[in-house]
Amino acid sequence: MVTNRVRSGTAVEIKQPKRGDLVAEEIKRLITEKDLKPGDRLPREAELQQLYSVSKSTIREALKSLEVQGLIKVSTGPSGGGMVVEVPLDRTLQLLQNYLFFKDVSIDDIYTVRQQLEPELAAGAVPHLTEEDFAALEANIACCDGAVDPNDHGHVVRQRQEDMTFHDILAAANPNPFLRFICELINEMIRQLIEFRNDTPVAEHRRFGTANAKIHCEIVQAARERDVERVRALMVEHMTEAPKHVKRMKGKLRGRLILDSEIRKRVRAISPAITAAIEKEE
């Protein structure tokens with residue numbers, strides 16, 4: 001619906017919200033007021049129609065809008081309808097990364113923030129790390145410390161991306177959800193947006209991989225000893241040296257939008273490569 005308002009002798013168009021959008025807002029209010037949790041079901045379509053005095057098509061439009069936002073999942077059939085779900089982390093990361101596409105963010109900007117947050121993230125994770133976490137951390141180190149094929153640029157890139165999983169495992173163990181989210185966002189940005197030139201010397205990749213493996217091993221050892229301050233100090237050192245390696249490897253931030261098809265399937269921050277390595281050891 002569009003109305004006209006006259007201002008200073010000029011008609012100004014004012015767009016009114018669509019009925020489906022208004023109903024979607026009301027359903028959000030319903031979720032909040034009833035304190036619905038992931039897994040809880042919304043009233044059936046017919047009940048929602050009666051509750052809001054709108055047509056079936058309007059209800060379906062509202063439910064589709066909420067599904068796109070990641071707030072609900074809609075299923076069909078006799079027992080179908082809307083079910084509240086937890087907003088997927090990957091969708092949130094994608095939206096934030098795409099927002100930053102339009103900002104002038106550099107590698108230095110990213111690592112300046114990492115230098116502040118990663119030491120606290122790792123230190124806070126130490127008391128909560130389990131044997132499963134340690135196994136995943138050690139398997140990750142083994143994955144990233146392998147030989148580099150000079151003719152396989154894709155393998156080189158995958159190794160550098162896998163380095164970030166080490167930090168995701170630490171993040172998953174930290175009890176602070178906001179700190180965990182921010183650090184996982186940064187890790188995913190590095191995975192998705194930093195690229196290395198094909199002519200980067202293999203020696204630099206090996207040097208970076210070896211340096212990462214060494215400091216990661218030291219962090220794991222200190223964490224096993226539950227030495228929080230040692231872990232914090234090692235991570236400060238790691239975050240100070242890492243950007244120097246990235247620059248020597250001619251890494252750069254690639255400005256682009258993240259596609260839906262690129263959203264990773266995350267399983268408690270443990271990648272398939274690490275899972276396979278753990279299973280092989282067992």
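The questions below concern a helix pair and several salt bridges in a predicted model.

Residues are numbered from 1 along each chain as its sequence is written. In this predicted model, local features need pLDDT of at least 70 and side-chain atom pairs count only at pLDDT 80 or more, while totals for chains, interfaces and linings use all residues, and side-chain values use heavy atoms, without hydrogens and water.

Q: Why is helix 6 called roughly antiparallel to helix 9?
A: Helix 6 (residues 131-144) and helix 9 (residues 202-224) pack at an angle of about 165°, with their axes 9 Å apart. Angles over 145 degrees count as roughly antiparallel, so helix 6 is roughly antiparallel to helix 9.

Q: What makes Glu 26 and Arg 29 a salt bridge?
A: A salt bridge needs a side-chain nitrogen of Lys or Arg within 4 Å of a carboxyl oxygen of Asp or Glu. The closest N and O atoms of Glu 26 and Arg 29 are 2.6 Å apart, and the two residues therefore form a salt bridge.

Q: Why is Glu 26 called partly exposed?
A: Buried means under 20% relative accessible area, exposed over 50%, and partly exposed in between (1.4 Å probe, protein chains only). Glu 26 has 33% relative accessibility, so Glu 26 counts as partly exposed.

Q: Why does Glu 229 count as exposed?
A: Glu 229 has 53% relative accessibility and therefore counts as exposed. Its salt-bridge partner Arg 232, with closest N and O atoms 2.5 Å away, is partly exposed at 21%.

Notes. Axes fitted to C-alpha atoms, helices over the stretch in contact; angles between N-to-C directions. Helix = DSSP H or I, 4+ residues; strand = E, 2+ residues; numbered from the N terminus. Parallel < 35°, antiparallel > 145°, perpendicular 65-115°, else oblique.
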